[in-house]
Amino acid sequence: MHEYTSTARVWGLTCPGFPEEVSRARRWTRDILRGSPLAEDAELIVSELSANAILHTASGQQSGSFHLALAVSSQVVALSVTDDGGTGTAPKTEHADQNATHGRGLRMVSAIAHRVMIHDSQAGHTVTAELFTSARLGGHPC
């Protein structure tokens with residue numbers, strides 16, 4: 001293979017930080033992954049990460065935005081959502097009380113994805129969830 005040739009395809013989308021943009025992010029993901037057995041899980045992950053960006057960071061404030069990246073190869077579907085930051089803490093999984101209305105999202109993403117990574121920078125946070133194409137439920141490769 002030529003050193004500049006990649007078998008991965010990458011898409012990107014920037015959305016204004018409005019709640020209705022979460023459905024746009026879901027549609028975008030569904031359209032790209034149409035026919036993939038991972039499409040529903042990917043759509044759910046993108047929905048949750050996009051909503052988190054809007055609710056918990058400067059992405060949801062006036063002039064805020066969030067950026068999605070979707071990379072697809074024969075081995076993995078990688079979904080990343082980058083927010084505008086503005087919080088003193090990075091996203092993290094929480095042990096939410098049974099009656100809590102928030103705090104379960106990233107935990108759910110971690111349960112669905114085979115791997116979740118969180119990267120912080122001065123510009124914001126990026127949460128990347130990977131779904132392996134040759135894995136069984138429970139995140140173990142076949």
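Let me start with how helices are assigned: they are DSSP runs of H or I, at least four residues, numbered from the N terminus. Axes are lines fitted to C-alpha atoms over the stretch in contact, and angles run from 0 to 180 degrees between N-to-C directions.

This is a predicted model: local features need pLDDT of at least 70, side-chain atom pairs count only at pLDDT 80 or more, and totals for chains, interfaces and linings use all residues. Residues are numbered from 1 along each chain as its sequence is written, and side-chain values use heavy atoms, with hydrogens and water left out.

First pair. Helix α2 (residues 39-56) packs with helix α3 (residues 105-112) at about 155°, axes 10 Å apart. So α2 is roughly antiparallel to α3 (the cut-off is over 145 degrees). On the α2 side, the contact (heavy atoms within 4.5 Å) includes D41, L44 and I45. On the α3 side, G105 and L106 are among them.

Second pair. The axes of α1 and α2 come within 9 Å and cross at roughly 155°. That makes α1 roughly antiparallel to α2 too. V22, A25, R26, T29 and R30 of α1 meet residues of α2 including A42, E43 and V46.

Now one residue. T29 sits in helix α1, residues 21-32. Is T29 buried or exposed? Buried, with a relative accessible area of 0%; the cut-off for buried is under 20%, with a 1.4 Å probe and protein chains only. Its side chain reaches the backbone oxygen of A25 at 2.9 Å. Leaving out residues up to four places away in sequence, T29 touches A42, E43, V46 and L79.

Methods: Helix = DSSP H or I, 4+ residues; strand = E, 2+ residues; numbered from the N terminus. Buried < 20%, exposed > 50% of the residue type's maximum accessible area, 1.4 Å probe, protein only. Polar contact = N/O pair within 3.5 Å; in protein donor to acceptor, adjacent residues only side chain to side chain. Parallel < 35°, antiparallel > 145°, perpendicular 65-115°, else oblique.
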